[in-house]
Amino acid sequence: QEQLVESGGGLVQAGGSLRLSCIASGRSFSSYNMGWFRQAAGKEREFVAAISWNGISTFYADSVKGRFTVSRRNANTVYLLMNSLKPEDTAVYYCATGGASWAIRAGYEYWGQGTQVTVSS
């Protein structure tokens with residue numbers, strides 16, 4: 001059974017950094033992009049970043065460009081390095097894979113349970 005598990009969330013002060021990890025299991029996802037999304041309380045889940053199946057291409061939301069970096073260790077492991085964090089980055093962060101999507105939520109088939117990131121001012 002396919003499963004994605006995120007880790008690395010926590011509480012950090014504004015201006016700080018966190019690195020999120022996502023490990024997928026149950027099959028190889030070497031043919032798929034892997035993406036990160038986030039959902040703040042009372043808001044829709046939104047795209048954050050994505051990386052191609054081969055780890056060469058990346059794509060970011062404007063709100064995080066220049067501050068966040070997505071990387072891929074192997075077919076089933078992806079990271080999100082978040083620098084210069086702001087209070088508005090507070091959300092539950094989800095990784096996703098399976099499908100050909102970059103930024104479209106509906107294009108991802110498999111999702112993790114999420115990890116909470118809280119940025120204090």
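**Core, sheet and disulfide of a predicted model**

Trainee: With which residues is Val48 in contact, leaving aside its neighbours within four places in sequence?

Mentor: The model is a predicted one, in which local features need pLDDT of at least 70 and side-chain atom pairs count only at pLDDT 80 or more, while totals for chains, interfaces and linings use all residues. Residues are numbered from 1 along each chain as its sequence is written, and side-chain values use heavy atoms, with hydrogens and water left out. Contact means heavy atoms within 4.5 Å. On that basis, and with neighbours up to four places away set aside, the partners of Val48 are Trp36, Phe37, Arg38, Phe59, Tyr60, Ala61, Val64, Phe68, Leu80 and Tyr93.

Trainee: Which members of the largest nonpolar core touch the most other members?

Mentor: A nonpolar core is a set of buried Ala, Val, Leu, Ile, Met, Phe, Trp, Tyr and Cys residues joined through side-chain atoms within 4.5 Å. Buried means under 20% relative accessible area, exposed means over 50%, and partly exposed lies in between (1.4 Å probe, protein chains only). The largest such core holds 32 residues, and those touching the most other members are Trp36, Val48, Phe68, Val70, Leu80, Met82 and Tyr93.

Trainee: Which element gives the largest share of this core?

Mentor: Strands (E, at least two residues) and helices (H or I, at least four) are DSSP runs, numbered from the N terminus. Two or more residues each come from strands E3 (18-25), E4 (34-39), E5 (46-51), E7 (68-74), E8 (77-82), E9 (91-97) and E11 (115-120). The largest share, 5 residues, is that of E5.

Trainee: How many of the residues of E5 are buried?

Mentor: Strand E5 spans residues 46-51. This strand is mostly covered, the number of buried residues among its 6 being 5.

Trainee: What stands opposite Phe37 in E5?

Mentor: Two strands pair if DSSP finds at least two bridges between them. E4 and E5 meet this with 5 bridges in the antiparallel sense. They form a hairpin with 6 residues between them, and Gly42 in the turn has a positive phi of about 80°. The residue opposite Phe37 is Phe47.

Trainee: What is the phi of Gly55, in the turn between E5 and E6?

Mentor: E5 also pairs with strand E6 (residues 58-60), antiparallel and over 3 bridges. Within that pairing, Ile51 has Thr58 of E6 as its bridge partner. E5 and E6 form a hairpin with 6 residues between them, and the phi of Gly55 in its turn is positive, at about 75°.

Trainee: What is the average twist from one strand to the next in the open sheet of 4 strands?

Mentor: The strand order is E1-E3-E8-E7, with antiparallel pairing. E1 (3-7) and E7 are the edge strands, each pairing on one side only. Axes are lines fitted to C-alpha atoms, for helices over the stretch in contact, and angles run from 0 to 180 degrees between N-to-C directions. From one strand to the next, the twist averages 15°.

Trainee: How many residues apart are Cys22 and Cys95?

Mentor: The structure holds 1 disulfide, a term for a pair of cysteine sulfur atoms within 2.5 Å. It joins Cys22 to Cys95 with an S to S distance of 1.9 Å, and the link is right-handed, with 55° about the S-S bond. Both cysteines are buried. Cys22 lies in strand E3 and Cys95 in strand E9, distant parts of the chain whose separation is 73 residues.

Trainee: Is Met34 buried or exposed?

Mentor: Met34 is found in strand E4. Leaving aside neighbours within four places in sequence, its contacts include Cys22, Ala24, Ile51 and Tyr108. With a relative accessible area of 0%, Met34 is buried.

Trainee: Which residue's side chain does the side chain of Arg67 join in a polar contact of 2.8 Å?

Mentor: A polar contact is a pair of N or O atoms within 3.5 Å; within protein, one must be able to donate a hydrogen and the other to accept it, and residues adjacent in sequence count only if both atoms are side-chain atoms. Arg67 lies in the loop between E6 and E7 and is buried, at 11% relative accessible area. Its side chain reaches the backbone oxygen of Ser63 at 2.9 Å. The side-chain partner at 2.8 Å is Asp89.
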